[in-house]
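Hi everyone, thanks for coming. Let me walk you through the structure I've been looking at.

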Amino acid sequence: MTTTPAIDGWFTSGDLPALLGSRCGLCATVFFPRLDGFCRNPACSGEEFETVELSRRGTVWSYTDAQYQPPPPYIPRSENHEPFAIAAVELAEGLVVLGQVADGYGVADLRVGAEVELVVEPLYTDETGDRTIWRWKPVVELGAEADQ
Ligand SMILES: [Zn+2]
């Protein structure tokens, strides 16, 4: 049994996982997911992109509670939908990347402007083993940790 990404080529694994984006060779705009073909910047005619690792940390721009099971291709974890939190996270590159919040965290752990860190966690298990996806994990502030 192995651990493989549920979506190929969108993020790296390991101790310090990172999302993979494309940086336009002409205007240096960074896109996620990766881009092929033409730059999405309407003022740019760039066609060559470099794959770059995106910032591992960002700040919460918005978040919501998924109270209803999302439609396919979402893969449910169980028959009964368990609500989970989704965060839109702004990265230093100027991108906002949506992601589920890490296991064990919910909307109560989030606030706009709070720092979160990228983690890779199992999404589901198939015949080949665990399939993983990126998630956003709230960064515990040092002061808050000391109070516990
Ligand atoms: Zn461009």
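**Contacts, strands and a core**

Let's start with contacts: in the protein chain, 52% of those with a separation of 6 or more are between residues 24 or more positions apart. A contact here means two C-beta atoms, placed from the backbone, within 7 Å.

Quick housekeeping. This is a predicted model, where local features need pLDDT of at least 70, side-chain atom pairs count only at pLDDT 80 or more, and totals for chains, interfaces and linings use all residues. Residues are numbered from 1 along each chain as its sequence is written.

Now the largest nonpolar core, with 17 residues. That term covers buried Ala, Val, Leu, Ile, Met, Phe, Trp, Tyr and Cys joined through C-beta atoms within 7 Å. Leu19, Ala87, Val89, Val101 and Trp136 touch the most other members. Leaving out residues up to four places away in sequence, Trp136 touches Ala87, Val89 and Val101, among others.

How do the strands line up? β6 and β7 pair antiparallel over five bridges, with Ala87 bridged to Gly99 in β7. β7 also pairs with β9, parallel, over two bridges. Pairing takes at least two DSSP bridges.

Definitions and conventions. Buried ≥ 20, exposed ≤ 12 C-beta atoms within 10 Å, placed from the backbone. Helix = DSSP H or I, 4+ residues; strand = E, 2+ residues; numbered from the N terminus.
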